[in-house]
Amino acid sequence: MQREYQRVHQHVKVYEVFARKARPEPLRQIGSVVAPDADLAAAYARATYDEERWVEMKIVPKEAITTLWAPGEEVAE
Amino acid sequence: MSIGELVLSLADNKQLLGLRYAEWATRAPSLEADIAAAAMGLDDIGHSRVLLGCLEPLGEDPRAADRENDAGAYLNLPYLDQPWTTWGHFVAANAVLDTAFTAMIQACVEGNLEVLQSRLRKMLMEERYHFLHGRSWLREGIAPEPLEVAWREAVEWFGPPDGEVARLHQEGQLAAGPAELLHRVEERLEMKAPSFEPDWGAWDPRRRRSRPGAIDARTFGMLRGLEERKFMPSGASRGA
């Protein structure tokens, strides 16, 4: 049976999830979650991306990230 | 009641909590909540296994032989007897009961029994995410009925002020007694338990509940491995 999900929260944010497997490695983006607050985003990130043995995991609201440039955009001189 | 019986109560409650969480892994209000329900279910079933593994080092195994045939021999709370009918039931259990079990685990870790200090510590890290999940959904608001029932059962599960949990606290096996345990849950959830006086006369000190009843037949069958046998090819046997 096909199921359609509907957002139950009125105000949700996208949180980008960053992690690394070993201390010498840099943090890298491994995915994102959608949640109304950082607490729930942390619980979702841990539940969704816990398949690897990460030594560190962080979440950042996507809106807090400033894009300098992106694919398809001209690099600022 | 011995510390072993209390650990068995924790193990049975966590096993049933894990199974009830898992039942919502395709019914929660969002895909993220589905995944969280599945992950928390796996956590709690795993915690139950670890807790059962502590029984032998603690002394006599308190599991009665009738657990194979009598669903009422399990030490779970009434809240976990039947599948939950609403998301509000999930949230109330996640926020109140799971946090109450975690408060007891913390009291074990901070107590004077080495086996519990060492084996249960990791659970506290995993439970942090159960707590964040439960508290955040609780803040969204749920119907008052499941929340009140969850609080009442948590208070009853901690036991009377002069009961065995209080004695285990006095002996140092637990780092907190019933009043302190309740206070810790209230503090974490930033809310007060509803005021009520449990009927300790009707309370079963072994099952830590006052309401009679037992796990539903299907879940009990699953615990005994009967459900999975339905999917075995005919003629196959366990261990074959």
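Here are some friendly questions and answers about this predicted model.

Me: How many residues does helix α4 of chain B have, and what is its reach from first C-alpha to last?
Reply: Helix α4(B) runs over residues 87-109, so we can look at that stretch of chain B. At 1.5 Å a residue, a span of 33 Å is expected, and the model comes close to that. The helix has 23 residues, and its reach is 31 Å.

Me: Where does α4(B) bend, and by how much?
Reply: A bend is the angle between axes fitted to the seven residues ending at a position and the seven starting there. For α4(B) that angle is about 30°, and the place is Ala93(B).

Me: Is α4(B) largely enclosed by the rest of the structure or largely open, and how many of its residues are buried?
Reply: A residue counts as buried when its relative accessible area is under 20%. The helix is largely enclosed by the rest of the structure, because the buried residues number 22 of the 23.

Me: Is Thr102(B) buried or exposed, and which residues does it contact beyond its neighbours in sequence?
Reply: Thr102(B) is found in helix α4 of chain B. Its relative accessibility is 7%, so Thr102(B) counts as buried. Leaving aside neighbours within four places in sequence, its contacts are Leu124(B), Glu127(B) and Arg188(B).

Me: What about Ala103(B): which residues does it contact?
Reply: Ala103(B) also belongs to helix α4 of chain B. With a relative accessible area of 5%, Ala103(B) is buried. Setting aside neighbours within four places in sequence, Ala103(B) touches Leu181(B), Arg184(B) and Val185(B).

Me: How are the rings of Trp87(B) and Phe90(B) arranged?
Reply: A search of the whole structure finds 12 aromatic pairs over all chains. In the pair of Trp87(B) and Phe90(B), the centres are 4.5 Å apart and the planes make 20°. Planes under 30 degrees apart count as stacked, so this pair is stacked.

Me: What separates Trp87(B) and Phe90(B) along helix α4 of chain B?
Reply: Residues three or four places apart in an α-helix point the same way, because there are 3.6 residues a turn. Trp87(B) and Phe90(B) are three residues apart, so the separation is about one helical turn.

Me: Which residues form the aromatic cluster that includes Trp87(B) and Phe90(B)?
Reply: Trp87(B) is buried at 14% relative accessible area, and Phe90(B) is buried at 0%. The cluster they belong to is made of Tyr21(B), Trp24(B), Tyr79(B), Trp84(B), Trp87(B), Phe90(B) and Trp137(B).

Me: In the three-stranded open sheet of chain A, which strands stand at the edges?
Reply: The strand order is β2-β1-β3, with antiparallel pairing. An edge strand has a single partner, so one side of it is left without a neighbour in the sheet. In chain A, the edge strands are β2 (28-35) and β3 (56-61).

Me: How many bridges pair β1(A) with β2(A), and which residue stands opposite Val14(A)?
Reply: Strands of a sheet pair through backbone hydrogen bonds, either parallel or antiparallel. Strand β1(A), residues 13-20, pairs with β2(A) in the antiparallel sense over seven bridges. The residue in β2(A) opposite Val14(A) is Val34(A).

Me: Which helix packs on this sheet, and what angle does its direction make with that of β2(A)?
Reply: The helix touches β1, β2 and β3 of chain A. It is α1(A), residues 38-48, and the angle is about 125°.

Key
Residues numbered from 1 in each chain as written. Chains lettered and ligands numbered in written order. Predicted model: local features only at pLDDT ≥ 70, side-chain atom pairs only at ≥ 80, totals over all residues. Heavy atoms only, no water. Helix = DSSP H or I, 4+ residues; strand = E, 2+ residues; numbered from the N terminus. Expected span 1.5 Å × (residues − 1). Buried < 20%, exposed > 50% of the residue type's maximum accessible area, 1.4 Å probe, protein only. Contact = heavy atoms within 4.5 Å. Pairing = 2+ DSSP bridges. Axes fitted to C-alpha atoms, helices over the stretch in contact; angles between N-to-C directions. Phe/Tyr/Trp six-rings, centres within 6.5 Å; stacked < 30°, edge-to-face > 60°.
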